[in-house]
Amino acid sequence: MLQIKNLDVYYGGFQALSNIGLEAENGQIVSILGANGAGKSTLLKTIAGLLKARSGTIHFEEKKIDHLESHDIVNLGLALVPEGRKIFGSLTVLENLLMGSYAARARKSKRENLENVFQLFPHLKERTDQMGINLSGGEQQMLAIGRALMSQPRLIIFDEISLGLSPMVVKMLYETIRRINQERVTVMLVEQDVKRSLKTADMAYILQEGKVCLNGNPKHFTEEEVKQAYFGL
Amino acid sequence: MNGILLGGLYAVIGIGLSMIFGIMKQVNLAHGELMILSSYFSLVFIQLIGLHPLLTLFFVFPAMFILGYLLQGFVFNRVLGKGMEPYLMISFGLSIILQNALLLVFTPDARSLKTGLIIQTLDVYGLFHVPVIYLVDFAGGVLTIGFLHLFMKRTYLGRAIRASADDLSASKLMGINIKKIYALATGIAALTAAMSGVLVGMTFTFYPHSGTQYLIIAFGVVIIGGMGSLPGTFLGGLILGISQLVGAQLIGPGFQLLSGYLILLIVLTIRPQGLLGRK
């Protein structure tokens, strides 16, 4: 479903990603791990079109997307729940969700999708008229996820959703992610919480200083391998 | 009383400037010229077809919207993401070009959009006389701001504009084409310039260089009311209008502008982000 080959991404003169190769198959949960600064967010932003790679290719459902703008990528069915949530503070919960269905592919079924989101997050249903900026961290995260779901994605990418949230809330979010995956939506996760990430994922990639250090089925990783890939020697 | 009515007009003058700053964080120095350009457009249609000034809006509105849209789409969008300086310089250059073009085409003669409304007054309970034209101005102001508010709140495009003012990259992730949205916003700002230009043309005489004085009024309104706030701009317009005319009454007609600016200074000192401004 998603194929990344030989991806190089630079911030000015600084190379953030080198020769990244990654594959996500339909229906999988793929986890991307690494220490801070390893390049995880850079990778996600590049996939979503917010950054442009200097070389390499990204294919989504057989289509080449690395040269496309973000708004076109969303229209193809790829959604990103960005780091830091980035909900629209001056819009209400409902308006935030409606923004999620801005993409042409999602406009028609917006009522259905709204119902689905409210089923997943009944908490949000009670707060439809609250302004985004007045929500708690956990509520904002739910809103960010709900918003991404409104675009009817086939692949949804979560960037560090557990940051700053209580363990209970994180547990609930991960259960929600599993439910979303059961609806045959492919999931990509970037997480700091290594244990939880490896438990949930079908495939994992561990980045170190912009390169893929270890990849495969996380159930076959040894603790030594993970530590080495994460921190190096 | 007249101050309040005038304030409504001032609010429309300021809203275009406020929009562009609130959404794109840019200051359009050519906003005054866009207004006066609209006044001259209206003049042309009056002379060609003999329409009532308000009816010329049928032509002026679309013309100005297209102009604003194309300006952003083909000129300003090229300097997206490069800070405030390029935009300031381009808009400044634009204002000079427009002023001089108008001077060339229309000569420096004083003009106005003639309508019978300017001499009519309304007798309110025998207490004071209200020039009908001021009522029209106020109505125009309220209508414009009202429509704008509805648009921003109830339509997908309006929400998209508000969203892109909140968070640019999140908006892109929603499928919003930022370049098109910015072009739309500038088109809408140009529409408000058209409205205020025609109203101003009916109420006062105008010259090719009148743009500057209205730009300053727009700044005053936006600073007092707060950048990026719709109700704030309306409030700012009211306050500026009132303080100008009250000052003229109390101190003397020559002090109209000065009393307006004094209030501006006071607001800047106590609350720099404007009465209802954010950030």
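The model is predicted; local features need pLDDT of at least 70, side-chain atom pairs count only at pLDDT 80 or more, and totals for chains, interfaces and linings use all residues. Residues are numbered from 1 along each chain as its sequence is written, while chains are lettered from A and ligands numbered from 1 in the order in which they are written.

Chain A holds 10 helices and 10 strands. Helices (H or I, at least four residues) and strands (E, at least two) are DSSP runs, numbered from the N terminus. The radius of gyration of chain A is 17 Å, close to the 17 Å that the globule rule gives for 233 residues, so chain A is as compact as a globular protein of that length. This radius is taken over C-alpha atoms, and the rule is 2.2 Å times the number of residues to the power 0.38. The C-alpha trace of chain A spans about 50 × 40 × 30 Å along its principal axes.

Of the 233 residues of chain A, 45% are buried. A residue is buried if 20 or more other C-beta atoms, placed from the backbone, lie within 10 Å of its own. Residues are in contact if their C-beta atoms, placed from the backbone, lie within 7 Å. Among contacts in chain A with a separation of 6 or more, 69% join residues 24 or more positions apart.

Helix α1 of chain A covers residues 40-47; 8 of its 8 residues are buried, so the helix is largely enclosed by the rest of the structure. Among them are A:Lys40 and A:Lys45. A:Gly49 follows α1(A) and has a positive phi, near 90°.

Four strands of chain A form an open antiparallel sheet in the order β2-β1-β4-β5. Strands pair if DSSP finds at least two bridges between them. β2 (14-24) and β5 (63-64) of chain A stand at the edges with a single partner strand each, so one side of each lacks a neighbour in the sheet. β4(A), residues 55-60, pairs with β5(A) over 2 bridges. Here A:Phe60 stands opposite A:Lys63. α1(A) packs on the sheet and touches β1 (2-11), β2 and β4 of chain A. Its direction makes about 65° with that of β2(A). Axes are lines fitted to C-alpha atoms, for helices over the stretch in contact, and angles run from 0 to 180 degrees between N-to-C directions.

Between the chains, 15 residues of chain B contact 20 residues of chain A. The largest share of the chain B side, 6 residues, comes from α6(B).

Definitions and conventions: Buried ≥ 20, exposed ≤ 12 C-beta atoms within 10 Å, placed from the backbone. Contact = placed C-beta atoms within 7 Å.
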